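Please brief me on how this chain is packed. Cover its cores, its helix contacts and its strands.

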Amino acid sequence: MVFSRILKLYSYISSRRTAKLQKQYDYEHLVPFLISGRGLSCDEKNAVAAKWGNIINVPVKWGFPYYQALKEIDTFNADYLPSAFYYPFIEGILNPSPWRSALSHKSMLHHVYNCGIAFPNTLICTYGGVYFNKDRRPVLRSEAASILRQSNVPLIFKPSIDTSQGKGVKLLSGADIDLLCNDIESGAVFSACGDFVIQELVSQSEDTAVFNPSSLNCFRVTTLSLDNQISICSIALKCGAPKAVVDNIGRGKRGVIVGVNRDGCVSDAGFFGNGELTLTHNGIAFRNKRIEHIGRVLDAAVTLHKYVPVCRLIGWDIALDEHNVPVLIEGNTVYPGISMEQMCSGPIFGDRTNEVIRYIREYQKIN
């Protein structure tokens, strides 16, 4: 009994701390849309409380700045979900531990999503410190180094977990590959970053390369799987900064994210990581741009989610290669983002918002 109370107290304190941090995060990249000073009406505040108040244990007003900003971008809609509500009270229920951690491990993607969707050509990956070749067979460190030395093309190095904002991702060629091979043979590379994958670069579609040719510009497609029904929640294109290798947005004014509709039409405006709105990227206007084969990307996302229904909300990073074939880069089951996705595509759960709320409420009653 005492132990149960301690756990509940810990959960309460932890959720409030997370909510405060996420409230601040939302505020930082929504500042450009808060300068008008227009707040929410009493009716709007009451609508937010009626929608989300029963499943959160922090003041509803913590989410008001997000609604105020989205009101400037689009219109007021209580179905929008602030990060201060989502991360502490919803995300962990939709994507329970330990499943979400295991399913986000890049070295395991080929094993988990064996459904005919293409992957980057992976030369070497590690799992638990064990090295595997492209056929997923274990090899010695010396063999792994030999495989890489025989490669005559640039390679991309990625830690298998926690690569948000491109952390730890490196483009390797020539002398860089030799140095990496030396570290592999000595065991230093695994000691430094844990598990990793080393892949050949993906040549991307002309439709996405136009916005930044140096980075692999991926679609972030968020899908929801609930009650045996998979639906697409948001579609956006992430475009890297000039000369950058990764498409990550970051928190500054570098990479951008822009909405894409189901017909492939790109929104007129996108957003930098600091929340600032932009009509162009690298001098290329978003208006009148269209991704012809977006349907293939969406079909791939739905197919992939069928393999992991235990995680109910997943942010897929999918590229279109030079032949316009979808290539899975990763499935974000740990903290799949919603904030900028909603700025691009509207309320994250769309017409399933009340269904998700009922699911969360029933879970909370049982637990």
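The largest nonpolar core holds 46 residues, and Trp52, Leu81, Phe85 and Ile90 touch the most other members. A nonpolar core is a set of buried Ala, Val, Leu, Ile, Met, Phe, Trp, Tyr and Cys residues joined through side-chain atoms within 4.5 Å. Buried means under 20% relative accessible area, exposed over 50%, and partly exposed in between, with a 1.4 Å probe and protein chains only. The model is predicted: local features need pLDDT of at least 70, side-chain atom pairs count only at pLDDT 80 or more, and totals for chains, interfaces and linings use all residues. Residues are numbered from 1 along each chain as its sequence is written, and side-chain values use heavy atoms, with hydrogens and water left out.

- Helices (H or I, at least four residues) and strands (E, at least two) are DSSP runs, numbered from the N terminus.
- Helix α4 contributes the most to this core, with eight residues.
- A second, separate core has 33 residues, including Cys115, Phe219, Val221 and Val258.
- Leu81 touches Trp52, Tyr66, Tyr67, Tyr86, Ile90, Ile338, Gln342, Ile348 and Phe349, not counting residues up to four places away in sequence.
- Contact means heavy atoms within 4.5 Å.

**Helices**

- Helix α4 (residues 83–94) packs on helix α13 (residues 353–366) at an angle of about 90°, with the axes 10 Å apart.
- Axes are lines fitted to C-alpha atoms, for helices over the stretch in contact, and angles run from 0 to 180 degrees between N-to-C directions.
- The two helices, α4 and α13, are therefore roughly perpendicular; that term covers 65 to 115 degrees, with angles under 35 roughly parallel, over 145 roughly antiparallel and the rest oblique.
- On the α4 side, Phe89, Ile90, Ile93 and Leu94 meet Val356, Tyr359, Ile360, Tyr363 and Gln364 of α13.
- By class, this contact has eight nonpolar residues, one polar and no charged.
- Ala, Val, Leu, Ile, Met, Phe, Trp, Tyr, Cys and Pro count as nonpolar, Asp, Glu, Lys and Arg as charged, and the others, Gly among them, as polar.
- Helix α3 is largely enclosed by the rest of the structure, because seven of its 10 residues are buried.
- Those buried in α3 are Phe64, Tyr66, Tyr67, Gln68, Ala69, Leu70 and Lys71.

**Strands**

- Strand β9 (residues 256–260) has five of its five residues buried.
- Val256, Val258 and Val260 cover one side of β9, and Ile257 and Gly259 lie on the other.
- β8 and β9 run antiparallel, joined by four bridges; strands pair if DSSP finds at least two bridges between them.
- Cys239 has Val256 in β9 as its bridge partner.
- β9 also pairs antiparallel with strand β10 (residues 266–272) over four bridges, where Ile257 is partnered by Phe271 in β10.
- β9 and β10 make a hairpin with five residues between them, and Gly264 in the turn has a positive phi of about 90°.

**Two buried sites**

- His281 sits in strand β12 (residues 280–281) and counts as buried at 3% relative accessibility.
- Beyond four places in sequence, His281 touches Phe211, Cys239, Gly240, Ala241, Arg254, Gly255, Val256 and Phe286.
- Pro120 lies in the loop between α6 (109–112) and β1 (122–127), and counts as buried at 6% relative accessibility.
- Leaving aside neighbours within four places in sequence, Pro120 contacts His110, Gln199, Glu200, Val202, Val327, Leu328 and Ile329.
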